[in-house]
Amino acid sequence: MKNANIVLVGFMGTGKTTVGRIVADRLGRELVDMDTIIEERETRAISDIFAQDGEPYFRDLERALTQELAGRQNLVITAGGGIVLNPDNIRDFSVTGLVVCLRADPDEILRRVQAEDHRPLLENGDKANRIRDILADRQPLYDAIAHQIDTTSLSPEGTAREIVRIFLSATE
Ligand code: S3P
């Protein structure tokens, strides 16, 4: 279990990537950001993948990468917000890793993603409404994950500290 992957999931804007980097640094582990790997392998941005080939194509890439990464050890993995849409992904990651869900209030998520334009699912329509709608659809999927951290009023360092604490107590 000491070699178990640490897998961060959660809605867009909950801090997975920033926090994942800190956790990986603290534990001296490799950080694998799934969206970054997919973009590198496809040599195009996530928004272009969605626009050119559609969301199901992206979800297939995400699924294949999950199976690949679940077969490795000692990683800190940051998943895209939609990883929970296929329950097989969470099941596979849970076999070889500790899955932690980051959360944040919708207003805080909006504040964090407001100025950004690289998330295709938030680009059509009013961002606040899109966040509320998608979050409402996915809430039961996020809620089903055993370890939850509300990052609304935590710093990335504070969130990282909590993840390391959960990891160490799970691997003792
Ligand atoms: C998505 C979240 C994004 C990215 C893609 C789809 C989602 O990742 O995978 O735009 O469905 O929630 P982040 O959560 O890192 O923004």
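A polar side-chain atom of R138 is placed 2.7 Å from an oxygen atom of the ligand, a polar contact being a pair of N or O atoms within 3.5 Å. The model is predicted, with local features requiring pLDDT of at least 70 and side-chain atom pairs counted only at pLDDT 80 or more, while totals for chains, interfaces and linings use all residues. Residues are numbered from 1 along each chain as its sequence is written, and side-chain values use heavy atoms, without hydrogens and water.

An N or O atom in the side chain of R59 also lies 2.7 Å from a ligand oxygen atom. At G81, a backbone N or O atom is found 2.9 Å from an oxygen atom of the ligand. Of the ligand's own 380 Å² of accessible area, the protein covers 94% (Shrake-Rupley method, 1.4 Å probe). The shell around the ligand consists of five nonpolar, three polar and five charged residues, with Gly counted as polar and Asp, Glu, Lys and Arg as charged. Among the 13 residues around the ligand (a heavy atom within 4 Å), K16, D35, R59, R119 and R138 come nearest.

Two aromatic pairs are found in the whole structure (ring centres within 6.5 Å; planes under 30 degrees apart stacked, over 60 edge-to-face, the rest tilted). The rings of F11 and Y142 are edge-to-face, because their centres are 6.4 Å apart and their planes stand at 90 degrees.

Note on methods:
Polar contact = N/O pair within 3.5 Å; in protein donor to acceptor, adjacent residues only side chain to side chain. Phe/Tyr/Trp six-rings, centres within 6.5 Å; stacked < 30°, edge-to-face > 60°.
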